[in-house]
Amino acid sequence: MLPADLTLDDVLGMYRRMVLIRTFEDQVYYLFLRGGMPGTVHQSQGQEAVAVGVCSQLRTDDFILSGHRPHGHALAKGITPRAAMAELFAKVTGCSRGKGGSMHLGDPDVGMITSLAIVGASCTIAPGVALAFKLRRTKQVAVAFFGEGASNEGAFHEGLNFAAVQRLPVIFVCENNLYGASTPYHQVSLVPNVADRACAYGIPGCVVDGMDVLAVYEAAREAIARARAGGGPTLLECKT
């Protein structure tokens, strides 16, 4: 069953976007292995449903913040493959004019602030963006993408607490792929779900199948609608 607000064309569009992200990432992988790409790259093959499921709910003037694996988020939010690939090759035609590379993709015109390689940084900057939206009364929302490894950083706790107290229009999206670099999540936390930590800040926490784009879409729809209505932040954990 499709969600009530989606047509078959909508779902096909989401599928095409996921295939685009996977194709882009695979091509980047081969180019990097051949030594033709400067710098380094951090990829997200297999996590396409999270980026597409969340970003399909967002307006152009909503803003996302990503971490060191931003390719999928950038393409899902509207940065073109040409602009993203040019950035990876340090060309002036890249989305960050060739100055950012793989870990610093962004374009304010499509609603993506330049991504941040510091683990957990999105969790503090996204609330700042959301605070601006609240003060301006624009009904925009901010989304922070991060991995489960960031949930043990101080920035995660500070960002969630501030956003909760201020009832900011921000969604914290944890892409839980079970490993922070090479360390299994269960070795660094006795709490099995990152979303379980939401209760400490008095906000909703939701665990969703991050391999199911429609499940992510529906969970994001509820969280984004709540944020736009002044209900404050949500912690959305996507197991992927």
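Predicted model: local features only at pLDDT ≥ 70, side-chain atom pairs only at ≥ 80, totals over all residues.
Helix H2, residues 48–55, packs against helix H7, residues 213–228. The angle between the two helices is about 40°, and their axes lie 8 Å apart. Angles under 35 degrees count as roughly parallel and those from 65 to 115 as roughly perpendicular; H2 and H7 are therefore oblique to each other. The crossing in which H2 passes H7 is right-handed. On the H2 side, the residues in contact are Ala49, Val50, Val52, Gly53 and Val54, and these meet Val213, Val216, Tyr217, Ala220 and Ile224 of H7. Of the residues in this contact of H2 with H7, nine are nonpolar, one is polar and none is charged.

Helix H7 also contains Arg228. The relative accessibility of Arg228 is 18%, and buried means under 20%, so Arg228 counts as buried. A polar contact of 2.5 Å joins the side chain of Arg228 to the side chain of Asp62. When neighbours within four places in sequence are left aside, the residues in contact with Arg228 are Gln57, Leu58, Arg59, Asp62, Lys139, Gln140 and Val141.

Val188 lies in the loop between strand E5 (183–184) and strand E6 (205–209). Val188 has a relative accessibility of 44% and therefore counts as partly exposed, a class that falls between the limits of 20% and 50%. Not counting residues up to four places away in sequence, Val188 touches Asn152 and Thr183. Val188 and Pro70 are 118 residues apart along the chain, and their C-alpha atoms are separated by 24 Å.

Technical notes
Residues numbered from 1 in each chain as written. Heavy atoms only, no water. Axes fitted to C-alpha atoms, helices over the stretch in contact; angles between N-to-C directions. Helix = DSSP H or I, 4+ residues; strand = E, 2+ residues; numbered from the N terminus. Parallel < 35°, antiparallel > 145°, perpendicular 65-115°, else oblique. Left-handed = near helix turned anticlockwise from the far one by under 90°. Contact = heavy atoms within 4.5 Å. Nonpolar A, V, L, I, M, F, W, Y, C, P; charged D, E, K, R; others polar. Buried < 20%, exposed > 50% of the residue type's maximum accessible area, 1.4 Å probe, protein only. Polar contact = N/O pair within 3.5 Å; in protein donor to acceptor, adjacent residues only side chain to side chain.
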